[in-house]
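Here is a short report on charged pairs and on one helix. Keep the sequence and the 3D view side by side as you read.

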Amino acid sequence: MAFTAPALKPKLLIIELWGLGDLVIATPFLRAVAERFDVTLLAKPFALDLQPRLWPGVKVAPFTAPWTTFKNKYQLWRWPWQEISHLNRRLSAERFEFGLSARWDPRDHLLLKMFGAKNRLGFPRLHSQVFLTQPLARPDPLAHRYESWRVAGKSIGIELPLREQMTPPQRPAHCTALVHSGARLPARIWPLEHWRNLAGHLRSNGYTVQVACDPDQLNWWRQSGETSAACPRTVTELLSLIDQAGIFIGNCSGPGHIAAISGVPTFTVFGPSLPEWFAPLHPAAEWIEGKACPYKPCSDYCRFPTPHCLWNVSEEEVWARVEKFTVKHLPNQPR
C-alpha cells in the first residue's frame, strides 16, 4: 500500500504584544487555531511560561516591542534595531500563509506586512488597511476584548463560544483564598492597606489566606506583619500559587486572568478599566466597578495624583461582596 504523507497545516502568525491579561484572553482562540494551523505567536517573553500550560500546540517567538513600554516609546535611537532585524529575517523565512492581529493597531499590521504573511487579517485603524489583505469589521466598542478574537476566528473558519458559554477546566477543590495586591499599572492598584484589611476579614471568618504581591510591594507586606507573603517573579511561580487556590481576589491584572483561565473563580476590584472589556474569562467571575470619572476608561496613566475611581471604592463595599463570593466558592465554609 502506498504511503500518503499527511497534509501540512498552513502556517499562521498571530501577533499579541501587550500585557499578560491581553494574551491570556486570547487563549480560547489560540487553542482552537492550533488544531488547524501551524501557529507561531509573537508575544512578550512571558508567553514562553504560559505556552506549556495554556497552548502547548503553539510556538512562541518572544519579542518585547519598544512601543509597548510606558515611557519613551518613540525614542527610536533606543530601539533594539539589531533584534528587530534578526526577528524580521527569522519570521520572513517562515513564509506564513496567514498573519493575524486581533488588535486595531497599525503597528501590528505593519509587522504582518514586513514579515511577508501572504494573507494579512486585522482590524484597520488610521488607514492601516493598506497593510492588510483582509480588513475585519471591528466589534462593538463596548464589547469584551475576547469578542475581537471571536471575530478574527470566524474570518478563518474558527467558531469560538460566547464568553458566557465558556466552560472552565475541571480542577481539584482547594480551600485557600489567594489575595493578589499587584497590577502592571499603578492606577489599577487598590490601596495596600485595603488589601491587608480584606485579608484580615477573611481570616477572622475562618478562611486560609495566601497573600501574593508584586516585587515593589513585598517589603511593605513584610513590614506589615505578612511574613509569608509570596512574590512570584515569573509566570511559572504565579501558576504554582494559583494551582493551590480555591478563589482569587485582586486588581484588574494579568494574574486574575491567569487564575480564571485556569479554572479559579475570581473577584476583581476594577478602577479605571471597564469590566465590559476586561472581566476574566470564567463564568463565576465577579467584580466591583470603579467609581465614575469623566476620563474613564484610562489606559496607561491617570490624570490625577491618585486614581479616585479606584481609591474611592471603600473596604466596606468590597468586603460585602467578597464575603458572599467566598461563601459561595470555597469548600468547607465556616458555619
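R107 is partly exposed, because its relative accessible area is 26%. The scale runs as follows: buried means under 20% relative accessible area, exposed means over 50%, and partly exposed lies in between (1.4 Å probe, protein chains only). D105 is buried, with a relative accessible area of 4%. The side chains of D105 and R107 meet in a salt bridge, 2.9 Å from N to O. A salt bridge here is a side-chain nitrogen of Lys or Arg within 4 Å of a carboxyl oxygen of Asp or Glu.

This is a predicted model: local features need pLDDT of at least 70, side-chain atom pairs count only at pLDDT 80 or more, and totals for chains, interfaces and linings use all residues. Residues are numbered from 1 along each chain as its sequence is written, and side-chain values use heavy atoms, with hydrogens and water left out.

**Salt bridges**

How many salt bridges does the structure hold? There are 12. The table lists three of them, including the pair described above.

| Salt bridge | N to O distance |
|---|---|
| D105 and R107 | 2.9 Å |
| E16 and R103 | 3.3 Å |
| E16 and R145 | 3.4 Å |

E16 forms a salt bridge with R103. This pair links distant parts of the chain, 87 residues apart. E16 sits in the loop between β1 (11-15) and α1 (20-25), and R103 sits in the loop between β4 (98-101) and α5 (106-114). Helices (H or I, at least four residues) and strands (E, at least two) are DSSP runs, numbered from the N terminus.

E16 also meets R145 in a salt bridge. R145 belongs to helix α6 (residues 145-155), and this pair is 129 residues apart. Is E16 buried or exposed? E16 is buried, at 2% relative accessible area. R103 is buried too. R145 counts as buried at 6%. A network of salt bridges links E16, D22, R103 and R145.

**Helix α4**

Now turn to α4, residues 81-92. Its 12 residues reach 16 Å from first C-alpha to last, close to the 16 Å expected at 1.5 Å a residue. That expected span is 1.5 Å times one less than the number of residues.

Which residues of α4 are buried? They are I84, L87 and L91. Seen down the axis of α4, these buried residues fall within an arc of 60 degrees, so they line one face of the helix. The arc is taken from the directions from the helix axis to the C-beta atoms. Q82 and R89 are exposed on the other side of α4.

What do the buried residues of α4 pack against? They pack against β1, β2 (38-43) and β3 (59-62), where contact means heavy atoms within 4.5 Å.
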